[in-house]
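Trainee: I would like to learn how to read a model like this one, feature by feature. Where do we begin?

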Amino acid sequence: MKKLISSVVVVGLSILGIILTLGAIGTTLLVISAAVGLGRDDVVGFADNKYIIGRPLTSYNLYEKNSGTTILDNIIGYKTENGKTYVFSTDSSYIVIDEEKESYLKKEVEERDARYDRLLKEMERLE
């Protein structure tokens, strides 16, 4: 009888250990995905998900993930080419993200060159 009780205790503790281990692994994966992955309202990330296009309300916006600061509103699309991502908006400015340096420049549409018009035609449209 003692042998049966000790066997049941060992099996019960083993099952409890497995459940706790799986719970810890699940929690860790959840925390990691929240830290590096895209959220529910996020569409696409750039520069290792440092900059994100999201759609929180009615229009797309580009924001910095860590601070939550909006960089550009009313995004209509983006195009990545030669290590740079161009983010286009209905506003009078656009963003150029340097994927390697994980930095960006905000430019006015008046500053555009011939490449801007070509990339605008080739962009990945957001709808």
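Trainee: In which loop is the place of Gly83?

Mentor: Start by locating a residue among the elements. This model is predicted. Gly83 sits in the loop between strand 4 and strand 5 (84-89).

Trainee: Is Gly83 buried, partly exposed or exposed?

Mentor: Buried means under 20% relative accessible area, and exposed means over 50%. Gly83 has 38%, so this residue counts as partly exposed.

Trainee: Which residues are in contact with Gly83, leaving aside neighbours within four places in sequence?

Mentor: Gly83 is in contact with Ile97, Asp98, Glu99 and Glu100. Gly83 and Ala47 lie 36 residues apart in sequence, yet their C-alpha atoms are 9.5 Å apart in space.

Trainee: Stepping back, what pattern does the chain follow along the sequence?

Mentor: The order is α-β-β-β-β-β-β-β-α-β. That makes two helices and eight strands. Then look at the contacts. Among those between residues at least 6 apart in sequence, 31% join residues at least 24 apart.

Trainee: What share of the residues counts as buried?

Mentor: Of the 127 residues, 28% are buried. The chain exposes about 8600 Å², with carbon and sulfur atoms supplying 57% of that area.

Trainee: How do I read a nonpolar core? Which residues have the most contacts inside the largest one?

Mentor: The general idea comes first. In soluble globular proteins, nonpolar side chains tend to be buried together. Here the largest nonpolar core has 15 residues. Those with the most contacts inside it are Phe46, Ile53, Leu62, Ile75, Val87 and Ile97.

Trainee: Which strands each supply at least two residues of this core?

Mentor: They are strand 1 (42-46), strand 2 (51-54), strand 3 (60-64), strand 4 (70-81) and strand 6 (93-98). Strand 4 gives the most, with four residues. Apart from this core lies another, of eight residues, among them Tyr86, Val96, Val109 and Met123.

Trainee: Take Ile53. Which residues does Ile53 touch, not counting those up to four places away in sequence?

Mentor: The list includes Val44, Phe46, Leu62, Ile75 and Val87. Asp42, Asn61 and Leu126 are also among the residues touched by Ile53.

Trainee: How do the lining residues divide into nonpolar, polar and charged?

Mentor: Six are nonpolar, one is polar and seven are charged.

Trainee: Tyr86 came up in a core and in the lining. Why does Tyr86 count as buried?

Mentor: Because its relative accessible area is 8%, and the cut-off is under 20%. Tyr86 lies in strand 5. Its C-alpha is 4.6 Å from that of Val96, across 10 residues of sequence. Beyond neighbours within four places, contacts of Tyr86 include Tyr78, Val96, Arg115 and Leu119.

Trainee: One last case. Is Ser93 buried or exposed?

Mentor: Ser93 is in strand 6. At 7% relative accessibility, Ser93 counts as buried. Leaving aside neighbours within four places in sequence, Ser93 is in contact with Leu72, Lys106, Lys107, Glu108 and Val109.

Conventions
Residues numbered from 1 in each chain as written. Predicted model: local features only at pLDDT ≥ 70, side-chain atom pairs only at ≥ 80, totals over all residues. Heavy atoms only, no water. Buried < 20%, exposed > 50% of the residue type's maximum accessible area, 1.4 Å probe, protein only. Contact = heavy atoms within 4.5 Å. Areas by Shrake-Rupley, 256 points an atom, 1.4 Å probe, with all protein chains shown as cover. Core = buried A, V, L, I, M, F, W, Y, C linked by side-chain atoms within 4.5 Å. 1 Å grid on protein atoms, 1.4 Å probe; cavity = no way out; pocket = protein on both sides within 12 Å on 5 of 7 lines; lining within 4 Å. Nonpolar A, V, L, I, M, F, W, Y, C, P; charged D, E, K, R; others polar.
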